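Sequence and model go in here before I start jotting.

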Amino acid sequence: MASKFIMLAFLIATCSTVLASDPSPLQDFCVADHSGPVFVNGFACKDSKLAQATDFFFSGLHIPGNTSNPVGSKVTPANVAQIPGLNTLGISLARADFAPWGINPPHTHPRATEILTVIEGTLEVGFVTSNPENRLITKVLQKGDVFVFPINLVHYQRNVGTGNAVVIAALSSQNPGVITVANAVFGSKPSIANDLLAKSFQTDTKTIDWIQSKF
């Protein structure tokens, strides 16, 4: 009897692990129906007979992003929002452009691991491990170098060269999502209480109010 319970527990754990990952496609493709009325985890499929080459195509990653903004960087995504044919396939791309000393602020992708390669320039990259260690793992990358950011971990990029920098990143989700730490903490709608943030960051409410005003 004990062995049966052990086997049952194993099967439950295995099934839970399987269900926790993105489901595999059950057909050749599932082109996203962005205008469809049905809400599912992802996007409903449009009739496969109506699929066209444009559903699997995107042109734009050759165009430099406009880095004239406070952080000096611009990300150009190529995910299911731009390429409907990516629906259910669990992969996407992005281009990121950096002005000199431009940054991609600390952020996380809640649904994807990221692998990045430098096309041009010199880039400092890093990610922080989870509590309680909170260890920073960082490296300076040159053209052709590759770096991986594990799923959900806070990470960043910064151009430390004298010229512009360009990277191409692949992500293990059709819709990886992004949570920029500063925007989420200081720019939430409605705002997180300033006394709570003051205690969290070991500062005063006046400082928190000033930071929140930037977002």
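This is a predicted model: local features need pLDDT of at least 70, side-chain atom pairs count only at pLDDT 80 or more; totals for chains, interfaces and linings use all residues.

Residues are numbered from 1 along each chain as its sequence is written, and side-chain values use heavy atoms, with hydrogens and water left out.

Entry, Gln157. I found Gln157 in strand E8, residues 155–159 (strands are DSSP runs of at least two residues, numbered from the N terminus). Buried or exposed? Gln157 is buried, at a relative accessible area of 2% (buried means under 20%, exposed over 50%, partly exposed in between, with a 1.4 Å probe and protein chains only). Setting aside neighbours within four places in sequence, I listed the contacts of Gln157, among them Phe98, His107, Leu116 and Phe149 (contact means heavy atoms within 4.5 Å).

Entry, Pro105. I placed Pro105 in strand E3, residues 103–108. Pro105 counts as buried too, because its relative accessibility is 19%. Beyond four places in sequence, Pro105 touches Val71, His155, Tyr156 and Thr180. I also checked the C-alpha atoms of Pro105 and Thr180: they are 6.8 Å apart, though 75 residues separate the two along the chain.

Entry, Ile115. Ile115 sits in strand E4, residues 114–120. I noted Ile115 as partly exposed, with a relative accessible area of 40%.

Definitions and conventions
Helices (H or I, at least four residues) and strands (E, at least two) are DSSP runs, numbered from the N terminus.
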